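Thank you for making time for this.

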Amino acid sequence: MEQKRHPILACVLLVMLSLSSVLTGYPTKGISVPAEAATVTKYYIYLDDRGFEVTREQYNDLYERQGDPIALLEYLRSILGNRMPESFREISGRIVTGDITPKPDDQTALSNDFIIQSGELVRYLGKDKIVTLPSNVTAVRAGAFYGNSSVKAVILPKTVKRVENYAFYNCAALKYIVFSAGTGSLGDTILYGCDKLTNFVAPKGSKAYSYAQKKDIPVTTGQKTQFAKSRVYLLQGDSEKNTVLNTVYAAKWKSSKKKIASVSSSGKIKAKKAGKATITATVNGKKISCKVTVMKKTINQRVNQVIKSVIQKDMSKYQKVKAVHNWLIKNVKYDYYRYLEGRVPSVSHTAKGALLKKTAVCDGYAHAFDMIMKKLKIKSKFVAGRAGGGGHAWNMVKLGGKWYHVDTTFDDPVVNNSNKNTKPYYTYFLKSSSVMKKSHSWKKSRYPKCTSKKYD
């Protein structure tokens, strides 16, 4: 059935966001960023009841600064000049555009670049970097953003209750998503192919916050641009990238002491000698910084560095075990090519191979895991047995009075004949003996019984 289109002039698309108060005492009502309109779109900033038309780029820049009230006011002054009132109480944003209204018997509405059906976003067709969904959207359907190579940030209003699997399938540029507390259902694979994702923004205790933790996605509770880590601990020779969260803009980098820790144009920190330095990133005119501590390259210092990097005071034992499991997988490579050639060096069988050389085979992984567990005062055992047709080593840990198997080597698989995997798998993480015996064998009398199926 052909849809008859009726233009409605000056239809207002207004999305309200909860913002912190401006430090000068002026509260903000909210600035929304829409998708590119299908017809003429005008952008306005309101200071109390006084409106000022701005460009789309200025509007987007104002949105980016709303997490920093001082930067927001400074930018307003720069674009409004002497037109800016000396005093006002509220800042709000408004977008006025043409719209398309469906026939009364048709439930599909095409509004700007959003295809919405029965309140659910079916497809986003625009090319904006920052996309705020209309406030009437209740769900994001599978494939709604499929293959969009432009979008870098998506802001979901509080009306969105469900995000389906593959909603953001292959969004190659997507960096962060803002959720509200009301988002109650997130598909397990909403982010398939989103390789540049840096973080979620979600209220603590919300479904999205828990989802991020489960998926090992960094999560913040506010939209302020910040580093993933305020402090970085490295050993001499290490390299690490401290990701900038909550921004779609590129950063310019600087080190206070290049001889201790340098930083590349892409943000990779290189630890050179023991000492301390400050790394600064300038993002969209704003500076953020993190402290870097470089330690001497010894096994004991590596154990300390891992603990300082991934362990937080309020973590449970489960979270600590998971954090160490993940650090090993992200930082240690299986000595695959020399294993194939039958010339694995003895160091790859040791904790030194895993912790300092960052290359090891199974017993190297297991010795390193055991060493860190003991430093954390978590009971752990090195297990020698068989798996995969040959000799193998892994660990057992004790949590809540129960013993469980942990195989960091098998959770760091060789993928497509490459040992460069950095994605943690959990196939052999905290498993019972009934699960492990399907692929592993060991002399049962020598080790504790792992009967709990809590994490199977």
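This is a predicted model: local features need pLDDT of at least 70, side-chain atom pairs count only at pLDDT 80 or more; totals for chains, interfaces and linings use all residues.

**Surface patches**

Let me start with Tyr337, Tyr339 and Leu340, which form a nonpolar patch on the surface with about 340 Å² of accessible area together. A patch here is made of residues with over 30% relative accessible area and no salt bridge, where like charges are joined within 9 Å and nonpolar side chains (Val, Leu, Ile, Met, Phe, Trp, Tyr) within 5 Å. Accessible areas come from the Shrake-Rupley method with a 1.4 Å probe, and for residues only the protein chains shown count as cover. Residues are numbered from 1 along each chain as its sequence is written, and side-chain values use heavy atoms, with hydrogens and water left out.

Leu340 counts as exposed because its relative accessibility is 55%; buried means under 20% relative accessible area, exposed over 50%, and partly exposed in between, with a 1.4 Å probe and protein chains only.

There is also a positive surface patch, formed by Lys241, Lys254, Lys258, Lys268, Lys270, Lys272, Lys287, Lys297, Lys352 and Lys357. The elements that give two or more residues to this positive patch are β25 (268–271) and α7 (351–357). For these charges, Lys and Arg count as positive and Asp and Glu as negative, with His and the chain ends not counted, and the place of a charge is taken as NZ of Lys, CZ of Arg, CG of Asp or CD of Glu.

**Salt bridges**

How many salt bridges does the count come to? The count is twelve, taking a salt bridge to be a side-chain nitrogen of Lys or Arg within 4 Å of a carboxyl oxygen of Asp or Glu.

In one of them, the side chains of Asp128 and Arg56 meet at 1.8 Å, N to O. Asp128 lies in the loop between β10 (120–124) and β11 (130–132) and Arg56 in helix α1 (residues 56–64), so this pair ties together parts that are 72 residues apart in sequence. Is Asp128 buried or exposed? Asp128 is buried, with a relative accessible area of 1%, whereas Arg56, at 24%, counts as partly exposed.

Another salt bridge joins the side chains of Arg141 and Glu120, at 2.4 Å from N to O. This pair links distant parts of the chain, with Arg141 in the loop between β12 (139–140) and β13 (153–155) and Glu120 in strand β10, 21 residues apart. Arg141 is partly exposed at 24% relative accessibility, and Glu120 is buried at 16%.

Glu240 also forms a salt bridge with Lys229, the closest N and O atoms being 3.0 Å apart. Glu240 lies in strand β21 (residues 239–241) and Lys229 in the loop between β19 (226–227) and β20 (231–235), so the pair ties together parts that are eleven residues apart in sequence. Glu240 counts as buried at 19% relative accessibility, and Lys229 as partly exposed at 27%. Elsewhere, salt bridges that share partners join Glu120, Arg141, Arg162 and Glu164 into one network.

**Tyr426 and the whole chain**

Tyr426 is found in the loop between β32 (402–406) and β33 (429–431) and, at 27% relative accessibility, counts as partly exposed. Not counting residues up to four places away in sequence, Tyr426 touches Asp216, Lys322, His325, Asn326, Asp411 and Lys431, contact meaning heavy atoms within 4.5 Å.

To step back, there are nine helices and 34 strands in the protein chain, and buried residues make up 50% of its 456 residues. Among contacts between residues at least 6 apart in sequence, 51% join residues at least 24 apart. Finally, the protein chain exposes about 22600 Å², of which carbon and sulfur atoms supply 49%.

Key
Helices (H or I, at least four residues) and strands (E, at least two) are DSSP runs, numbered from the N terminus.
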